Amino acid sequence: MKRIIRILAVLALLCLSAAALASRAPTSQFGYRGWPYRQPGCASQPARPAATKAPSGGAAASPTEAPLVSRGDYTTISLSAQEQKVWNLLNEDRQKNGLSPLPLDEELCRLARLKSDDMRDGGYFAHESPTYGRAADMLRRFDYSFRGVGENIAHHATVEKADAAFMSSSGHRQNILGRQWTKVGVGVSIDRNGFVYVTQLFVR
């Protein structure tokens, strides 16, 4: 009988020890920082990077504006689209014939525009203006220094047709392909019917 009591007492102590140990054990091996056990096949996988979300809202980007042509003296020449075409076509004609392009001159462009405006507003088409006289007279009137001047004028449907007309005329072609010129000014005015008055001033 005493032996049975001793056995029961030992069993009771063992149960108490097991319960005490169980109370100090972590509830989850994966929630315990120092737990050494790693279950086979449960190695942590690197997280897949999420795609960057496109920003919501905001104004659309505006295109960069083309810069104005700048000269060495820090003045600028602002050409209309038609005037830019005239200058480009003129220099394309020169380059096709083995000549270097002519640089634009700001004051010459202003005077060429005045001549085109004068023809449009005065209702005439001629090298001699009732307002400014001939090209040389006009340059002197505005104190523009030059040694020689040439002038091309056209009244046409488009600047492309004006250039074609210039190049098909020996006198106008000679001005465009002149080796003596050092700079050029171009001016375009548009009449009420959409036709263009084109003036080219060549100087040296």
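Which residues of E5 are buried on one side, and which on the other? In this predicted model, both faces of the strand are covered. Val196, Val198, Gln200 and Phe202 are buried on one side. Tyr197, Thr199, Leu201 and Val203 are buried on the other. Strand E5 spans residues 196–203, and eight of its eight residues are buried, so the strand is largely enclosed by the rest of the structure.

E5 pairs with two strands. Strand E3 (residues 149–156) is joined to E5 by eight bridges, and the two run antiparallel. Within this pairing, Gly150 has Phe202 of E5 as its bridge partner. Strand E4 (residues 183–190) is also antiparallel to E5, again through eight bridges. Here Val186 stands opposite Gln200 of E5. E4 and E5 form a hairpin, with five residues between the strands. In the turn, Gly194 has a positive phi of about 90°.

A helix pair was examined next. Helix H2 (residues 81–96) packs against helix H5 (residues 159–168). The angle is about 30°, and the axes lie 9 Å apart. Because angles under 35 degrees count as roughly parallel, H2 is roughly parallel to H5. The crossing of the two helices is right-handed. H2 contributes Gln82, Lys85, Val86, Leu89, Leu90 and Asp93 to the contact. H5 contributes Val159, Glu160, Asp163 and Met167. By class, the contact of H2 with H5 comprises five nonpolar, four charged and one polar residue.

Technical notes
Residues are numbered from 1 along each chain as its sequence is written. This is a predicted model: local features need pLDDT of at least 70, side-chain atom pairs count only at pLDDT 80 or more; totals for chains, interfaces and linings use all residues. Side-chain values use heavy atoms; hydrogens and water are left out. Axes are lines fitted to C-alpha atoms, for helices over the stretch in contact, and angles run from 0 to 180 degrees between N-to-C directions. Helices (H or I, at least four residues) and strands (E, at least two) are DSSP runs, numbered from the N terminus. Angles under 35 degrees count as roughly parallel, over 145 as roughly antiparallel, 65 to 115 as roughly perpendicular and the rest as oblique. A crossing is left-handed if the near helix is turned anticlockwise from the far one by less than a right angle, and right-handed if clockwise. Contact means heavy atoms within 4.5 Å. Ala, Val, Leu, Ile, Met, Phe, Trp, Tyr, Cys and Pro count as nonpolar, Asp, Glu, Lys and Arg as charged, and the others, Gly among them, as polar. Buried means under 20% relative accessible area, exposed over 50%, partly exposed in between (1.4 Å probe, protein chains only). Two strands pair if DSSP finds at least two bridges between them.
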